[in-house]
Amino acid sequence: MPLQNPTICVLGCGTMGIAIIRGTLDSNTTTATDIPSEDHLRPAGFIGCVSHKESASKLAKTLGDQVKVLYGAEGNVQGVAEADVILLCTKPQVAKAVLSAPGIRDGLAGKLLVSICAGVTIEQLKSWTTPTTTIIRAMPNTPCKIREGMTVLSCGANTDIQSMNFTSNIFSTLGRCRILDEKHLDAVTALAGSGPAFACVMLEALADGGVMMGLPRDVATELAAQVLQGAARMVLTTGAHPAAIKDSVTTPGGCTIAGLLTMEDGKIRSTLARTIQEATTVASTLGRDKK
């Protein structure tokens with residue numbers, strides 16, 4: 001499917017849909033060296049589709065006149081018909097109903113469908129669309145809202161290079177993006193998708209410790225947040241193993257090793273690892289039909 005300055009329709013244009021639109025619009029004002037894209041792949045326009053008139057009014061106020069806003073089942077059909085690329089940003093439980101609505105299936109023929117619905121497989125999406133629809137799954141996370149996100153893509157067997165590049169370019173405006181086999185996406189959903197919530201629990205706990213030892217709450221929260229951000233950036237920037245960074249901070253008989261042993265007493269490693277294991281199990285059920 002050749003893409004030439006495509007129009008993008010976002011079905012279920014909520015928090016993540018808004019983040020995607022804003023990130024892409026912002027990237028259009030940067031130089032070519034900032035965004036790994038080609039001019040002919042830059043979107044010509046956006047259509048945001050929501051369920052109700054009230055939601056449409058809020059969306060129009062949020063995004064202004066840069067986005068065409070539609071609502072209801074008829075709005076979905078119109079948006080899909082007018083677009084070249086469709087982003088499915090609905091809840092996983094309603095994805096089948098949205099794509100199976102009258103007029104949607106035919107409107108997807110020969111177009112690119114990118115789904116961010118956790119747990120909804122490429123095989124399911126293929127069964128709800130047409131043989132000529134190109135399908136890509138994407139798993140972004142909440143930090144995409146501030147362009148510090150992590151998105152993983154998984155492509156259908158017959159996905160062309162241009163569609164892959166276009167989708168990668170879109171999500172690269174929101175942070176980091178990489179492509180993996182679909183078999184990994186449930187684990188990706190747990191680690192990258194749910195991960196910000198787990199990280200915030202750790203951040204809050206560290207801040208609580210600071211408050212316990214006399215720091216003001218706002219100071220403790222700032223310190224904890226910057227510590228996690230700084231440590232993460234060291235791993236990403238230097239390529240060093242987290243254990244190597246940990247050891248570089250840990251001096252014999254010091255306060256760091258004392259704190260680390262306390263963490264180990266609380267089985268923090270196995271608890272966090274099991275957290276991802278359990279979240280992965282649940283993620284694998286999200287796209288299933290409810291009995």
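**Exercise 1. The largest nonpolar core**

Task: In this predicted model, find how many residues the largest nonpolar core has, and which have the most contacts inside it.

Solution. 
- Step 1. Count the members. The largest nonpolar core has 31 residues.
- Step 2. Find the suppliers. At least two residues each come from β1 (7-11), α1 (15-27), β2 (45-50), α2 (53-63), β4 (85-88), β5 (112-115), β6 (134-139) and α7 (161-172).
- Step 3. Helix α1 gives the most, with six residues.
- Step 4. Zoom in on Ile20. Set aside its neighbours within four places in sequence; Ile20 is then in contact with Leu87, Cys89, Ile170, Phe171 and Leu174.

**Exercise 2. Serine 115**

Task: Decide whether serine 115 is buried or exposed, and list what it touches.

Solution. 
- Step 1. Locate the residue. Serine 115 sits in strand β5.
- Step 2. Read its relative accessible area. The value is 0%.
- Step 3. Apply the cut-off. Buried means under 20%, so serine 115, at 0%, is buried.
- Step 4. List the contacts. Leaving out residues up to four places away in sequence, serine 115 touches Leu88, Leu125, Ile136, Arg137 and Ala138.

**Exercise 3. Helices α9 and α10**

Task: Describe how α9 and α10 pack.

Solution. 
- Step 1. Know what to look for. Two packed helices are described by the angle between their axes and the distance between the axes.
- Step 2. Take the values. Helix α9 (residues 195-212) and helix α10 (residues 217-238) pack at about 135 degrees, and their axes are 8 Å apart.
- Step 3. Classify the angle. That angle makes α9 oblique to α10.
- Step 4. The crossing of α9 and α10 is right-handed.
- Step 5. Name the contact residues. Among them are Ala199, Leu203 and Leu206 of α9, and Ala220, Ala224 and Leu228 of α10.
- Step 6. Sort by class. The contact of α9 with α10 has nine nonpolar, two polar and three charged residues.

**Exercise 4. Helices α8 and α13**

Solution. 
- Step 1. The crossing of α8 and α13 is right-handed.
- Step 2. Asp186, Ala187, Thr189, Ala190 and Leu191 of α8 meet Ile276, Ala279, Thr280 and Ala283 of α13.
- Step 3. By class, the contact of α8 with α13 has six nonpolar, two polar and one charged.

Methods: Residues are numbered from 1 along each chain as its sequence is written. This is a predicted model: local features need pLDDT of at least 70, side-chain atom pairs count only at pLDDT 80 or more; totals for chains, interfaces and linings use all residues. Side-chain values use heavy atoms; hydrogens and water are left out. Axes are lines fitted to C-alpha atoms, for helices over the stretch in contact, and angles run from 0 to 180 degrees between N-to-C directions. Helices (H or I, at least four residues) and strands (E, at least two) are DSSP runs, numbered from the N terminus. Angles under 35 degrees count as roughly parallel, over 145 as roughly antiparallel, 65 to 115 as roughly perpendicular and the rest as oblique. A crossing is left-handed if the near helix is turned anticlockwise from the far one by less than a right angle, and right-handed if clockwise. Contact means heavy atoms within 4.5 Å. Ala, Val, Leu, Ile, Met, Phe, Trp, Tyr, Cys and Pro count as nonpolar, Asp, Glu, Lys and Arg as charged, and the others, Gly among them, as polar. A nonpolar core is a set of buried Ala, Val, Leu, Ile, Met, Phe, Trp, Tyr and Cys residues joined through side-chain atoms within 4.5 Å. Buried means under 20% relative accessible area, exposed over 50%, partly exposed in between (1.4 Å probe, protein chains only).
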